[in-house]
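Please walk through this structure with me.

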Amino acid sequence: MANIQTRLAAVRARLAEAESRFGRVPGSVRLLAVSKTRPASELREALAAGQTRFGESYLQEALEKLHALRDETAEWHFIGPLQSNKTKDVAAHFDWVHSLDRIKLAERLNAQRPAGCAPLQVCLQVNISGEASKSGAAPSAIRELALRVAELPRLQLRGLMAVPRPETEFERQRAPLRELRLLAAKLKAEGLPLDTLSMGMSDDLEAAVAEGSTLVRIGTAIFGARPERGGN
Ligand SMILES: *Cc1c(COP(=O)(O)O)cnc(C)c1O
């Protein structure tokens with residue numbers, strides 16, 4: 001089986017190829033390595049291969065890894081389901097949150113972000129049509145949420161995120177991603193300074209790049225298949 005360095009190189013090549021094919025600026029789509037369930041040793045391998053952005057979903061497991069890797073220069077993104085009992089640790093230890101979907105959680109993150117840290121970078125998770133996960137705000141609720149989050153001084157609203165239902169056919173993958181792009185475009189037209197579309201996973205990376213993703217969240221293609229896991 002290929003090692004992490006080899007698989008990372010293959011993902012970077014896929015990304016560059018997709019940027020070229022769909023007329024995107026080379027290097028304009030950032031790569032987030034989704035390292036949930038993977039041990040710190042594997043993240044070290046990725047770090048050694050130049051990968052510095054990591055996405056984690058399960059808070060307790062993530063905090064252990066952040067601690068183990070505290071001397072490394074890395075950017076930590078929380079992409080898992082967010083609840084009130086997690087906001088304090090997320091605000092204290094992460095650089096980004098992709099899964100914000102309620103104003104109450106935004107207000108808690110804002111209040112709990114430590115004074116010495118830069119503002120927490122946030123994407124609003126949208127439950128676009130067909131989304132498998134129960135997480136995410138309805139598209140109709142996003143405008144109001146975005147306007148309120150934009151007012152919170154300890155949060156910096158960066159964009160939108162979605163986890164569409166898995167599809168194998170390219171055009172079917174594109175449809176919900178296009179919806180997310182159009183929703184973000186509407187908010188931008190109202191003056192909200194969004195610069196991030198967090199979309200695209202191992203199986204729909206190309207479709208996401210085609211629809212304007214600026215950050216793809218890739219787990220399986222870098223680290224291999226994950227063990228089944230329940231809880232957070
Ligand atoms: C697990 C996960 C990913 C990575 O999915 P892969 O198919 O393994 O690339 C991306 N985004 C979110 C929100 C996830 O939970």
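In what sense do strand S5 and S6 pair, and over how many bridges? The two strands run parallel, and six bridges join them. Keep in mind that this is a predicted model. S5 covers residues 120-125, and S6 covers residues 155-161.

Strand S7, residues 196-198, is joined to S6 by three bridges. This pairing is parallel as well. Here glycine 159 has threonine 196 in S7 as its bridge partner. So S6 pairs with S5 and with S7, and S6 is also mostly covered. Of its seven residues, six are buried.

Next, the cysteines. How many disulfides does the structure hold? The count is zero. Cysteine 117 is in no disulfide, and the nearest cysteine sulfur to its own belongs to cysteine 123, 18 Å away. A disulfide is a covalent bond between the sulfur atoms of two cysteines. To count as one here, the two sulfur atoms must lie within 2.5 Å. The surroundings of the two can be set side by side. Cysteine 117 is partly exposed, at 26% relative accessible area. Cysteine 123 is buried, at 0% relative accessibility.

Finally, look at the ligand. Which residues come closest to the ligand? They are Lys36, Ser202, Gly219, Thr220 and Arg226, out of 13 residues that surround the ligand. Sorted by class, this shell has six nonpolar, four polar and three charged residues.

Several side chains place polar atoms at the ligand. Start with lysine 36: one of its polar side-chain atoms lies 2.6 Å from a ligand oxygen. Arginine 226 also reaches an oxygen atom of the ligand, with a polar side-chain atom 2.7 Å away. For arginine 217 the ligand atom is a nitrogen, and it sits 2.8 Å from an N or O atom of that side chain. How much of the ligand does the protein bury? Taken alone, the ligand exposes 390 Å², and the protein buries 88% of that.

Technical notes. Residues are numbered from 1 along each chain as its sequence is written. This is a predicted model: local features need pLDDT of at least 70, side-chain atom pairs count only at pLDDT 80 or more; totals for chains, interfaces and linings use all residues. Side-chain values use heavy atoms; hydrogens and water are left out. A residue is near a molecule or strand if one of its heavy atoms lies within 4 Å of it. A polar contact is a pair of N or O atoms within 3.5 Å; within protein, one must be able to donate a hydrogen and the other to accept it, and residues adjacent in sequence count only if both atoms are side-chain atoms. Accessible areas come from the Shrake-Rupley method with a 1.4 Å probe; for residues, only the protein chains shown count as cover. Ala, Val, Leu, Ile, Met, Phe, Trp, Tyr, Cys and Pro count as nonpolar, Asp, Glu, Lys and Arg as charged, and the others, Gly among them, as polar. Buried means under 20% relative accessible area, exposed over 50%, partly exposed in between (1.4 Å probe, protein chains only). Helices (H or I, at least four residues) and strands (E, at least two) are DSSP runs, numbered from the N terminus. Two strands pair if DSSP finds at least two bridges between them.
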